[in-house]
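Here is a walk through one structure, from its core to a group of rings and then to a single side chain. Keep the view open as you read.

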Amino acid sequence: MRGRRTGRLAAAALVSGLVAASVLTGAGAAAADEAPQSQGGATATIDGLKTYGEAVIHTDTGDQQVPAGLFEMSVEGGGTLQTYCIDIHNPTQKDAKYQETPWSGTSLGTNKNAGKIRWILQNSYPQVNDLAALAQRAGAKGLTEQDAAAGTQVAIWRYSDGADVDAADPQAERLANYLTKSAHALAEPSASLTLDPPAVSGHPGERLGPVTVHTNARAVTVSAPADAATSGVRITDKTGKVVTSAENGSQLFFDVPEDAAGDPSRPSSNGGGTAELTVQASTTVPVGRAFASESRSQTQILAGSSESTVSATATAAWAETGPIPALSARKNCAKGGVDIAASNPGDEPFTFKLLGFEHTIPAGASRTVTIPLQEDQAYGFTIAGPNGLAQRFTGVLDCKTQSSAGGDSAQTLTEPSPATVGGTAGGTNLAATGGSSTTPLIAGVAIGLVVIGGGALLLLRKQETPTAD
């Protein structure tokens, strides 16, 4: 396990170098647009394990006692989240940033028991804060907040990681057994805020879209493109009326004038340009939403939310002639890779290559291309197009818990546990990160570079090059 964990840290450390080493072909001097795989929602920084008891994990090499309970996160823009871990054998990185993520982009996407985890969250602490009533249902006595948090976390671990784990306190264990036996599958909750699709394209003189708002907030504010005064692009409804607020189900359009100015850093021969809109709201994030970190910090699942700031963005590209691609990316754990969604409402095909395979999006068509990746693989690739378009996607594929990824998971717990390194009882308990021991491995990890016809692909490889679908 030590080698696997260090390899994960090495992969994460190389992401920054991977981004800096971007190679573009056919894009002139244009800079790549960074596009992490975010579908919108809340962004938060983990503050630590706050309310917890103890649990015992049983392995072939012995038993290990570890803290088990509720983490807290601070939301960017305001708000607080409470979460449980769904990745028991992976360390929590100090001050890691997390993004609200669909189940399909985490280990929950391939976990047949994901719906039972949501049931546990809905029917235990802190959603049920009447501890006497919870104790009565579970056949327990005198549950404290620490017992309730520990018992809930233990029940979740049994389904998220398939762990053989018990709560150390007898009352917490009764709660864990009650939750485990009673759980039944619930559907994945909707995102707090997302825009669909996140990218559109078309011709100047048209309204590009629609981009549909999906949210549980009562209303969202809509911000026009930063360069709207120069480009003339407005955000409107389908009738052409400028909008500054929207609600769930609203359709937004980029109203692009015929003489819209393009990005001056992108020389264009066919009247091309790009714009971005942002929507923001204050709402409670639905219980059961997953939170993932590009730093490979252990995946979390939401147990409670204060009123929190959430946001989402969408982009538009336009050109008078030729291909006009709209590109977006989403992690797909069921297929073990990243889905690149590309549409082309232009009058010529859009062709690009990834991993040596050529993909063509005919005029007026859409395609989804899956880029297969190895587990824990850091990636960064750029797809270049007309008008100096160079859209870059980066991240780390994190689809498996340690037990499902293979290896001796018990060995994890012979070191300080993911929740306890550097912490003391009642304090912030986070695993230490980094360390000089990773340096030789970082030097030994290969960076694979594949130059492609319509752009460039840069992938951090572990042992072998994945093959395309």
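Which residues have the most contacts inside the largest nonpolar core? They are Leu252, Phe254 and Val279, and this core has 54 residues. Strand 2 (residues 43–59) gives the core its largest share, six residues. A second, separate core holds 30 residues, including Trp103, Leu121, Tyr125 and Ala148. A nonpolar core here is a set of buried Ala, Val, Leu, Ile, Met, Phe, Trp, Tyr and Cys residues joined through side-chain atoms within 4.5 Å. Buried means under 20% relative accessible area, exposed means over 50%, and partly exposed lies in between (1.4 Å probe, protein chains only). In soluble globular proteins, nonpolar side chains tend to be buried together.

A word on the source: this is a predicted model, in which local features need pLDDT of at least 70 and side-chain atom pairs count only at pLDDT 80 or more, while totals for chains, interfaces and linings use all residues. Residues are numbered from 1 along each chain as its sequence is written, and side-chain values use heavy atoms, with hydrogens and water left out.

Go back to leucine 252. Among the residues that leucine 252 touches are Leu208, Val211, Ile235, Leu277 and Val279, with residues up to four places away in sequence not counted. Contact means heavy atoms within 4.5 Å.

Now the rings. The whole structure has three aromatic pairs. Rings of Phe, Tyr and Trp (its six-membered ring) pair if their centres lie within 6.5 Å; planes under 30 degrees apart are stacked, over 60 edge-to-face, and the rest tilted. Tyrosine 379 and phenylalanine 381 are stacked, at 5.9 Å centre to centre and 25 degrees between the planes. Phenylalanine 381 also pairs with phenylalanine 393: the centres are 5.7 Å apart and the planes are at 45 degrees, so this pair is tilted. Phenylalanine 381 lies in strand 23 (residues 378–384) and phenylalanine 393 in strand 24 (residues 390–396), so the pair ties together parts twelve residues apart in sequence. Tyrosine 379 is buried at 0% relative accessibility, phenylalanine 381 is buried at 0%, and phenylalanine 393 is buried at 1%.

Last, threonine 194, in strand 7 (residues 193–196). Strands (E, at least two residues) are DSSP runs, numbered from the N terminus. Is threonine 194 buried or exposed? Threonine 194 is buried, because its relative accessible area is 15%. A polar atom of its side chain lies 2.6 Å from the backbone oxygen of glutamine 39. Beyond four places in sequence, threonine 194 touches Gln39, Thr212, Val213, His214 and Ala312.

Note on methods
Helices (H or I, at least four residues) and strands (E, at least two) are DSSP runs, numbered from the N terminus. A polar contact is a pair of N or O atoms within 3.5 Å; within protein, one must be able to donate a hydrogen and the other to accept it, and residues adjacent in sequence count only if both atoms are side-chain atoms.
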